[in-house]
Amino acid sequence: YRYMATSEAQKKAAAEYHKKNIASLACRVKKEQAEKFKEYCDSIGKTSNAVLREYVLNCIAEEDVE
């Protein structure tokens with residue numbers, strides 16, 4: 001399966017969508033805690049972003065539709 005290169009128009013459309021519809025959440029933790037969390041995420045085969053997104057959606061009782 002071959003992927004086509006992303007056109008400049010596609011990149012612009014994606015950036016515009018994200019600007020209007022997507023927000024980033026962040027928190028500060030000690031470096032050692034961050035490393036342990038990343039190791040945990042690796043151990044379950046997920047990214048830290050995926051784990052955090054699942055937790056947030058669980059807290060607000062919504063499902064990930066992305």
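Helix α2 has 13 residues, which at 1.5 Å a residue should span 18 Å, and its end C-alpha atoms do sit 18 Å apart, so the two agree. The expected span here is 1.5 Å times one less than the number of residues in the helix. Helices (H or I, at least four residues) and strands (E, at least two) are DSSP runs, numbered from the N terminus.

All of this comes from a predicted model, where local features need pLDDT of at least 70, side-chain atom pairs count only at pLDDT 80 or more, and totals for chains, interfaces and linings use all residues. Residues are numbered from 1 along each chain as its sequence is written, and side-chain values use heavy atoms, with hydrogens and water left out. The protein chain averages a pLDDT (the predictor's confidence in each residue, from 0 to 100) of 91, and 94% of the residues score at least 70. Confidence is lowest in α1, at a mean of 94, and highest in α2, at 98.

Within helix α2 lies Glu32, which counts as exposed at 53% relative accessibility. Buried means under 20% relative accessible area, exposed over 50%, and partly exposed in between (1.4 Å probe, protein chains only).

Three salt bridges turn up in the structure, each a side-chain nitrogen of Lys or Arg within 4 Å of a carboxyl oxygen of Asp or Glu. Helix α1 holds Glu8 and Lys11, three residues apart, about one turn of the helix; their side chains meet at 3.5 Å, N to O. Glu8 is exposed at 58% relative accessibility, while Lys11 is partly exposed at 45%. Glu16 pairs with Lys20, with the closest N and O atoms 3.4 Å apart; these two are also separated by about one helical turn, being four residues apart in α1. Then there is Lys46, bridged to Glu54 with the closest N and O atoms 2.9 Å apart. Lys46 is partly exposed at 34% relative accessibility, and so is Glu54 at 39%.

As for the cysteines, the count of disulfides (pairs of cysteine sulfur atoms within 2.5 Å) comes to zero. Cys27 has its nearest cysteine sulfur, that of Cys41, 11 Å away. For Cys59, the nearest is that of Cys27, at 12 Å. Cys27 counts as exposed, at 64% relative accessibility.

Finally, Leu25 sits in the loop between α1 (8-21) and α2 (31-43) and is exposed at 71% relative accessibility.
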